[in-house]
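Have the sequence and the structure open beside you, and try each task before you read its solution.

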Amino acid sequence: MKTQALINFLNTCSPKRIAVIGHRNADPDAICSMYAFSYFLKKLYKDINVSLIAEDVNKVSEKIISELNINIETNLLFKPDVIALVDANNLIQIGKIKDFIPEDVPIIIIDHHTAHPETDKISRFKIIDEKATSTSEIIYKILKETSLEIEPKIALSLLIGILYDTRRFTLISNETFSIVLDLLRAGANYNKALELLRTAMDRSEKIARLKAAQRAAIHKIGDWIIVTSHVSTYEASACRALLDLGADVAFVVAEKEDEVRISARATQEFYEKTGISLAKIMEKVGQVIDGVGGGHPTAAGANGNKNAEEGIKVALKILEEEISNPP
Ligand SMILES: [Mn+2]
């Protein structure tokens, strides 16, 4: 981890005010890593003013924010000396806040998603670790390398971020358990973390998942079952539901007025056997739908504003080519 370089860079900005910005529909990893990063900044600089900002947050994050008493603002209220994008690596992901970012403010990026072509263009400093299971894990390492004490509340929030992004320890790296053990020793309460992540599924989410199944189109490519569908919202949840039903890869479109969102999920087995990364596919799909795409090898998405059908066609075409011509 380039922690010392990060500190050196921050020092050159002599920051008094820092904006820590997460992606739209901020999930618990985004919220918890932003929160732990603000703790790091406050330890580093006395009297610093740190704002945590996300255009909106998802349902489970709402519960965490109120339980842990984290203050999240929905837009920039002042001109910061530095902007830190956390759990995001490009400006499209932060939604409307993008339009309020002053051009002359340096941006740093701390993230674990597959790097996006925009990442280098917009950032003056970055820590990108695609192998990290979560951005929370990266922040943990930053705190460790600075030998800062991790307070129980910070340990709990990092544990929540890790639990969420690893889907409760299904997508782990070898290191994850030792990090978690350290967080438990620092005072994180595992049962509390699990409890905060538990949410009842909305009726509308259940309906979206059922509709996605009802409208599913099944494409058999090689030995694989690829499923495409569409809903008006909850496209990521619908993708996961289709995987549970037996799809190896699922693409679900959510379209409303001038907005197109496409979510993509693949099983771990699909990725291991084919080496095909959905992040790369969705990057191309993002261009087709006049927006941006990316993510992880088995979980990715794209946001844009047109050509939803064309986007799906392109995704299927790339999959077909890559499956029939393995590298
Ligand atoms: Mn994350």
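Which residues are linked in a network of salt bridges? Keep this in mind while you read how the model is set up.

This is a predicted model, in which local features need pLDDT of at least 70 and side-chain atom pairs count only at pLDDT 80 or more, while totals for chains, interfaces and linings use all residues. Residues are numbered from 1 along each chain as its sequence is written, and side-chain values use heavy atoms, with hydrogens and water left out.

**Exercise 1. Find the residues of the salt-bridge network.**

*Solution.* 
Step 1: Start with the rule. A salt bridge is a side-chain nitrogen of Lys or Arg within 4 Å of a carboxyl oxygen of Asp or Glu. Side chains of opposite charge can pair when their charged atoms come close.
Step 2: Name the members. Arg 24, Glu 55, Asp 56, Lys 96, Glu 235, Glu 259 and Arg 261 are linked in the network.
Step 3: Look at the total. Searching the whole structure gives 15 salt bridges.

**Exercise 2. Describe the salt bridge between Asp 202 and Lys 59 and say where each residue lies.**

*Solution.* 
Step 1: Take the distance. The two side chains meet at 3.2 Å, N to O.
Step 2: Helices (H or I, at least four residues) and strands (E, at least two) are DSSP runs, numbered from the N terminus. Asp 202 sits in the loop between helix 8 (190–197) and helix 9 (203–214) and Lys 59 in helix 3 (residues 59–68), so the pair ties together parts that are 143 residues apart in sequence.
Step 3: Check the accessibility. Buried means under 20% relative accessible area, exposed over 50%, and partly exposed in between (1.4 Å probe, protein chains only). Asp 202 has 28% and is partly exposed; Lys 59, with 35%, is partly exposed.

**Exercise 3. Work out how far apart in the helix Glu 269 and Lys 273 are, then do the task for Lys 317 and Glu 321.**

*Solution.* 
Step 1: Glu 269 and Lys 273 form a salt bridge whose closest N and O atoms are 2.8 Å apart. They are 4 residues apart in helix 11 (residues 268–274), so about one helical turn separates them.
Step 2: Glu 269 is partly exposed at 39% relative accessibility, whereas Lys 273 is exposed at 59%.
Step 3: For the salt bridge of Lys 317 with Glu 321, the closest N and O atoms are 3.9 Å apart. Both residues lie in helix 13 (residues 308–324), 4 residues apart, about one turn of the helix.
Step 4: Lys 317 is exposed, with 54% relative accessible area, and Glu 321 is partly exposed at 41%.

**Exercise 4. In what order do the strands of the open sheet stand?**

*Solution.* 
Step 1: Recall that two strands pair if DSSP finds at least two bridges between them. The sheet has 6 strands in the order 3-2-1-4-5-6, with parallel pairing.
Step 2: Find the edges. Strand 3 (72–73) and strand 6 (125–128) each have a single partner strand, so one side of each lacks a neighbour in the sheet.
Step 3: Follow strand 5. Strand 4 (residues 82–86) pairs with strand 5 (residues 107–111) in the parallel sense over 4 bridges. Ile 83 stands opposite Ile 107, and Ala 84 has Ile 108 as its bridge partner. On to strand 6, strand 5 is joined by 4 bridges, again parallel; here Ile 109 stands opposite Lys 126.

**Exercise 5. Are the residues on the two faces of strand 5 buried or exposed?**

*Solution.* 
Step 1: Take one face at a time. Ile 107, Ile 109 and Asp 111 on one side are buried, and so are Ile 108 and Ile 110 on the other.
Step 2: Check the count. In strand 5, 5 of its 5 residues are buried.
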